[in-house]
Structures are given as structure tokens and as C-alpha cells.
Amino acid sequence: MPAGDPGTVRYVPADAVALVAQRCNATRADVHGVLTYYADLRTQPPAAIPVRLCAAEACQAVGGRELQREWEQACEADQRLAELTGGNEPVFCLGNCALGPAALVGDRLLGHASVERIEAAVGRLREQQGLQEGDRS
């Protein structure tokens, strides 16, 4: 299911770790380790429209670090944007190396990403999801 579908939890709450451990015949420590090791798993609700910037070498070589700095500045300047997107959730590689720097906005992959393109994608998704100011889910 896409991230915005009703009924999708999108994270494992801390109080569910014991249940998951029991169902998987694993220890709570093992479940916690898996949840905190993998970047795509989370124990807190994600932002309404998460933004993930590629941090791999190919994207860094074509402006990824600069994009990260510029995105951080944009989020510092606009608290609503930061809350809506969660700022930046780095990801090692998005597999879009030829079109770097790459970004993942919600579930949409952007090549040749820039702050302006990311903001435009966030705006489109916000409209599609019917999000109001201050919404996080």
C-alpha cells in the first residue's frame, strides 16, 4: 500500500515490539535491533510527506552535499515545510545514479533534484493527499 493509504500504520510503535517478538519467536532486543538498523523501518510515525536525499558517492559527486545543505536551510527557514517533510531522512542509494542528485519525496523518485523541485513535489503530494497546514499524517 502507498504510504498515505488509510489503515496503514507505517511504523512499529514501541509498545508493539514485545508482540512482534512473541509472534516471530525472537527476543525484544532482536526486534529492536532490526527496527533500528534498517532505515526503512521506524518506531515513530513518519512525516506526512517524507523527503529522503541520496547520500551515496554518485549523488555527492554531482551536488548531493550542496543539495542537502540547501534543503536543511529551506527547512530551517520554513518550519511548516520541516514538519510536513521531517527535514531530511538520508538514504544511502536510491538507484538513480545517472540522474543525481536523487531524492525520494513520499514515494516519488526525483532525478536532478533541487530544493525547488523537491518543494514542488511536496506541494503536489500535499494537494493530492488533501493535507492542511500542520497535518502530519
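The following legends describe close-up views of a predicted model.

View 1. Arginine 69 is partly exposed, its relative accessible area being 46%. Glutamate 66 is likewise classed as partly exposed, at 37% relative accessibility. The structure holds 2 salt bridges, and the other one is the subject of the next view.

**View 2. Aspartate 78 and arginine 80 form a salt bridge through their side chains**. The N to O distance is 3.9 Å. Aspartate 78 has a relative accessible area of 30% and is therefore partly exposed. Arginine 80, at 52% relative accessibility, counts as exposed.

**View 3. Asparagine 96 lies in the loop between α5 and β2**. With a relative accessibility of 15%, asparagine 96 counts as buried, because the limit for a buried residue is under 20% relative accessible area. When residues up to four places away in sequence are not counted, asparagine 96 touches Ala102, Leu109, Leu110 and Gly111.

**View 4. The largest nonpolar core contains 21 residues**. Ile49, Trp71, Val105, Ile118 and Val122 are the members that touch the most others in this core. Two or more residues are given to the core by each of β1 (51-53), α4, α5, β2 and α6 (115-129). The largest share comes from α6, which supplies 5 residues. In soluble globular proteins, nonpolar side chains tend to be buried together.

**View 5. Tryptophan 71 is shown with the residues that it touches**. Residues up to four places away in sequence are again left out of the list. The contacts of tryptophan 71 are Val51, Leu53, Leu81, Thr85, Gly87, Asn88, Val115, Ile118 and Glu119. Of these, Ile118 is named together with Trp71 among the residues of the largest nonpolar core that touch the most other members.

**View 6. Another nonpolar core lies apart from the largest one**. This core has 7 residues, including Cys54, Cys59, Leu94 and Leu104.

How values were computed:
Residues numbered from 1 in each chain as written. Predicted model: local features only at pLDDT ≥ 70, side-chain atom pairs only at ≥ 80, totals over all residues. Heavy atoms only, no water. Salt bridge = Lys/Arg side-chain N within 4 Å of Asp/Glu carboxyl O. Buried < 20%, exposed > 50% of the residue type's maximum accessible area, 1.4 Å probe, protein only. Helix = DSSP H or I, 4+ residues; strand = E, 2+ residues; numbered from the N terminus. Contact = heavy atoms within 4.5 Å. Core = buried A, V, L, I, M, F, W, Y, C linked by side-chain atoms within 4.5 Å.
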